[in-house]
Amino acid sequence: PAQRTPLIAGNWKMNLDHLQAVAFVQKLHWALKDAKHEFDTVDVSVFPPFTDLRSVQTLLDADKIPFGLGAQDLSIHDSGAYTGEVSGVFLKRLDVRSVIIGHSERREYHAETDEVVAAKVQAALRHELVPVICVGETAEDLERHGASAVPVGQLEAALAGVPASADVVVAYEPVWAIGSGQAATPEQAQEVCAKLRDVVRAALGDDAAARTRILYGGSVKAANIASFMRQPDVDGALVGGASLLVDEFASIIRFRK
Ligand code: PEP
C-alpha cells in the first residue's frame, strides 16, 4: 500500500541484557549497511526490555541509527505508589516512540483484560507514544468463533475513546502462531487484517483507516515475510524469535530483496 511505509518491529520479549542489546543493534545496523539497505524505505523498531532502553537509546543517538525505539509495556498510571510499574512519562523522556500493548503473553500471564489494554492505550496517547495494539485469537477461539471475531472485539475495545487523529499501530497476532513455527497463511492474515482495518475505519474514520499500519505477527521469518508483505492490508510485521537473530532480522527488514 503506497501511502503506508512498511514497519518491521522486533519484540525481544525478556531476552538480551543491556550489553547484549547494544551489541545486537550495532551488528544489525552494520549488516544492513553492508547490504546497502535503503533505510528510508522501511521503518524498523526494536522493543527491548526496560532495563536496556537507556543504553539502546544512547547508541541510536550517538551513531545516528535510524531505528525507532519501543517499550514492551507501560503503566496505566503516570506516577505514584505503583511498585514495579513503569510510567509513559519516563518512556517519553528516554525518547521511546512506541509501546507494545496487549501482547498475548501479557493478556495470558498478567491477566490483562480489554479494559486494562484500553487504559494502557490511553496512557500511551497521553504521552505521545504510539500504541502498538496487539490482538489475536487462541486456537480454541479459532475453533469456536473463527479467526476474526476475537481480534475484532479486542480492537474495538482498545480503540474506544481514541481520537480520530491518533497515531496507532495494530498487530494481528494469532496466539496459535506465536513462537510455534506455524505462521498463519498470507491469505488468513489478509482476511483478518482487512477486518481490523474496517474496525479502525468505524472507530476513527477513513483517514485513520488509510494511514494506520496493521502488522501481522506469529512465526514471521525471512522465508515467509515477502508473502505477508504482498497482502494489501498487511503493512509490516511484529517479529519475536527471528528479531533476536541479526542476519535473519536483517533479511526480514530487506523483504523486498
Ligand atoms: C510475538 O510474540 O510478538 C511474536 C510474533 O513471536 P514469534 O515471531 O516468535 O512468533
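At what angle do the axes of helix 1 and helix 2 cross, and within what distance do they come? The angle is roughly 30°, and the axes come within 8 Å. The model behind these values is predicted.

## Overall build

The protein has 11 helices and eight strands. Its C-alpha atoms fill a box of roughly 50 × 45 × 35 Å along the principal axes.

The radius of gyration is 17 Å. A compact globule of 257 residues would have a value near 18 Å, so the protein agrees with that expectation.

## Helix 1 and helix 2

Helix 1 covers residues 18-34, and helix 2 covers residues 53-62. Angles under 35 degrees count as roughly parallel. Helix 1 and helix 2 are therefore roughly parallel to each other. Their crossing is right-handed.

Which residues of the two helices meet? Helix 1 brings H18, A21, V22, V25 and Q26. Helix 2 answers with S55, V56 and L59. By class, this contact has five nonpolar and three polar residues, with no charged residues.

## Helix 7 and helix 8

Helix 7 spans residues 149-159, and helix 8 spans residues 186-204. Their axes come within 10 Å and cross at roughly 25°. That angle makes helix 7 roughly parallel to helix 8. The crossing is right-handed.

On the helix 7 side, the contact uses P151, V152, L155, E156 and L159. On the helix 8 side, it uses V192, K195, L196, V199, A203 and L204. The contact of helix 7 with helix 8 has nine nonpolar and two charged residues, and no polar ones.

## Helix 5 and helix 7

Helix 7 also packs with helix 5, which runs over residues 114-126. The angle is about 45°, and the axes are 8 Å apart. Is this pair roughly parallel or oblique? Helix 5 and helix 7 are oblique to each other. Their crossing is right-handed.

Helix 5 contributes D114, V117, A118 and V121 to the contact. Helix 7 contributes Q154, A157 and A158. By class, the residues of this contact divide into five nonpolar, one polar and one charged.

## Ligand surroundings

How many residues surround the ligand? The shell holds 13 residues. The closest are I178, G179, G217, G240 and G241.

By class, the shell around the ligand has seven polar residues, five nonpolar residues and one charged residue.

Terms used: Residues are numbered from 1 along each chain as its sequence is written. This is a predicted model: local features need pLDDT of at least 70, side-chain atom pairs count only at pLDDT 80 or more; totals for chains, interfaces and linings use all residues. Axes are lines fitted to C-alpha atoms, for helices over the stretch in contact, and angles run from 0 to 180 degrees between N-to-C directions. Helices (H or I, at least four residues) and strands (E, at least two) are DSSP runs, numbered from the N terminus. Angles under 35 degrees count as roughly parallel, over 145 as roughly antiparallel, 65 to 115 as roughly perpendicular and the rest as oblique. A crossing is left-handed if the near helix is turned anticlockwise from the far one by less than a right angle, and right-handed if clockwise. Two residues are in contact if their C-beta atoms, placed from the backbone, lie within 7 Å. Ala, Val, Leu, Ile, Met, Phe, Trp, Tyr, Cys and Pro count as nonpolar, Asp, Glu, Lys and Arg as charged, and the others, Gly among them, as polar. A residue is near a molecule or strand if its C-beta atom, placed from the backbone, lies within 6 Å of it. The radius of gyration is taken over C-alpha atoms; the globule rule is 2.2 Å times the number of residues to the power 0.38.
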